[in-house]
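This report looks at helix packing and at a chain contact. Please have the sequence and the model open while reading.

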Amino acid sequence: MLHSVVSAAEESTTRNPLIPEVYDLVWSGVIFVILLLFFWKYVLPRVQKLLDERAEAIEGNIAKADEAQRKAEAALEEYTAQLADARTEAGRIRETAREDGKKIVAEAKDTAVAEAARVTASAQAQIEAERQSALVSLRSEVGTLAIDLASGVIGESLSDDAKATAVVDRFLADLEASEAAAGGKK
Amino acid sequence: MMVRIIAIIALLVIFWLGTRRMRVVPGRFQSLVEMGLDLVRVNISDDLLGKKDGKRFLPILTTMFFMILFMNLTGIFPGLNIAGTSVIGVPFVLAAISYVTFIYAGVKKSPANFFKNALFPAGVPWPVYFIVTPIEFISTFIIRPVTLTLRLLMNMLVGHMLLVLCFSATWFFLFSAPGWFKLMGVGTFAFGFAFTVFEILVAVLQAYVFTVLTAVYIQLAVAEEH
């Protein structure tokens, strides 16, 4: 093989390499035209199309990413705002509840105190009234009872009104004194 | 000729596979193909010509770059071993296309401006035009295509000869040389190896240079002023 290369080289040096052969020119021209058409009509349009597509894809992706970023930021802002709203809302509700609770407790306390006072007052009034009525009935009853008893003891009518009255009064005074002593003890 | 057809078939297959199912998110192979195409589109046509003109001339620049690149690379492929561009046909045809393209670009933009800028550079006192104009004419309309052709042709031709020299010397030293001369073969092989790697660089570089120069010529032709 190498020999053939050598001989080919020798052959080409025996010709003048600067004088082109006609067939050489013709076929070189044909090859050039074929290649030119191939690149011009086939390869380069496809490459151009590809480059356009690629540029478009990149731009599209960038636009898409921008869009997504913008949306995310908007959403974040919205959430933050909502969160702040919710916080203030919750604070407000808690405050109201606390105030309401205080008010309710205070009201309940007032009502209870008033009720207690009322109950106490009415009980005292009732007790007083009962005591008075008992005192009155007791006094009259005790008077007649004492007179009867005294009449029985003495065995005679107490005709002397003055005497009788004095006796009854003295008795009643004693009774009251003893009752007062008993009340003080109680 | 066979070598060129193989290179072109490889080129067509690679780019056909690479662009058959284009995805927005590229796979490994597609990334590689895109990288190659980006080199021409971004580094050559957009940088030198701007977006608008760059797009107009992109097909021709892309074709030039990959045609030269693949034909250059055949020079270091085992079994092919000769660069498609090391015979004058391809460089000549490509240089002619570059020539026609930049003149077309200039004339299309504004014929008067193009020839005025090319032949009568602004800011020069008028008597100097007697000297400048012929020089500009020769450099723009004669030297440019010739240098494009020769630069590519000679780079690839010389690279090929260097490789042939190194490897045939290796062969000779290893199998035909007497005694200690066989050791020389190791040295020449190392050189051959180094030049093979170097040829890869040259292949890419020459494809790049050819395309960049074409772009520059177009750019000069469509520019308002120099």
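Start with a crossing in chain B. H3(B) passes H5(B) in a right-handed crossing. A crossing is right-handed if the near helix is turned clockwise from the far one by less than a right angle, and left-handed if anticlockwise. Helices are DSSP runs of H or I with at least four residues, strands are runs of E with at least two, and both are numbered from the N terminus.

The model is predicted: local features need pLDDT of at least 70, side-chain atom pairs count only at pLDDT 80 or more, and totals for chains, interfaces and linings use all residues. Residues are numbered from 1 along each chain as its sequence is written, while chains are lettered from A and ligands numbered from 1 in the order in which they are written.

**Helix pairs in chain B**

Two packed helices are described by the angle between their axes and the distance between the axes. Axes are lines fitted to C-alpha atoms, for helices over the stretch in contact; angles run from 0 to 180 degrees between N-to-C directions.

| Helix pair | Axes come within | Crossing angle |
|---|---|---|
| H3(B) (residues 89–109) and H5(B) (residues 129–175) | 9 Å | roughly 150° |
| H5(B) and H6(B) (residues 182–222) | 8 Å | roughly 165° |

The angle of roughly 150° makes H3(B) roughly antiparallel to H5(B). Angles over 145 degrees count as roughly antiparallel. On the H3(B) side, the residues in contact include Pro91(B), Phe92(B) and Tyr99(B). Among those they meet in H5(B) are Arg144(B), Leu148(B) and Leu152(B). Contact here requires C-beta atoms, placed from the backbone, within 7 Å. By class, this contact of H3(B) with H5(B) has nine nonpolar, two polar and one charged residues. Nonpolar covers Ala, Val, Leu, Ile, Met, Phe, Trp, Tyr, Cys and Pro; charged covers Asp, Glu, Lys and Arg; the others, Gly among them, are polar.

For the second pair, the angle is roughly 165°. H5(B) is therefore roughly antiparallel to H6(B). Their crossing is left-handed. The contact of H5(B) with H6(B) divides into 18 nonpolar, eight polar and three charged residues.

**Contact between the chains**

Chain B gives 32 residues to the contact and chain A gives 30. On the side of chain B, H1 (2–20), H2 (28–73), H3 and H5 each give two or more residues. That side holds 24 nonpolar, seven polar and one charged residues.

**Chain A and confidence**

Chain A has three helices and zero strands. The model scores ipTM 0.70 and pTM 0.63.

Key. Parallel < 35°, antiparallel > 145°, perpendicular 65-115°, else oblique. Contact = placed C-beta atoms within 7 Å.
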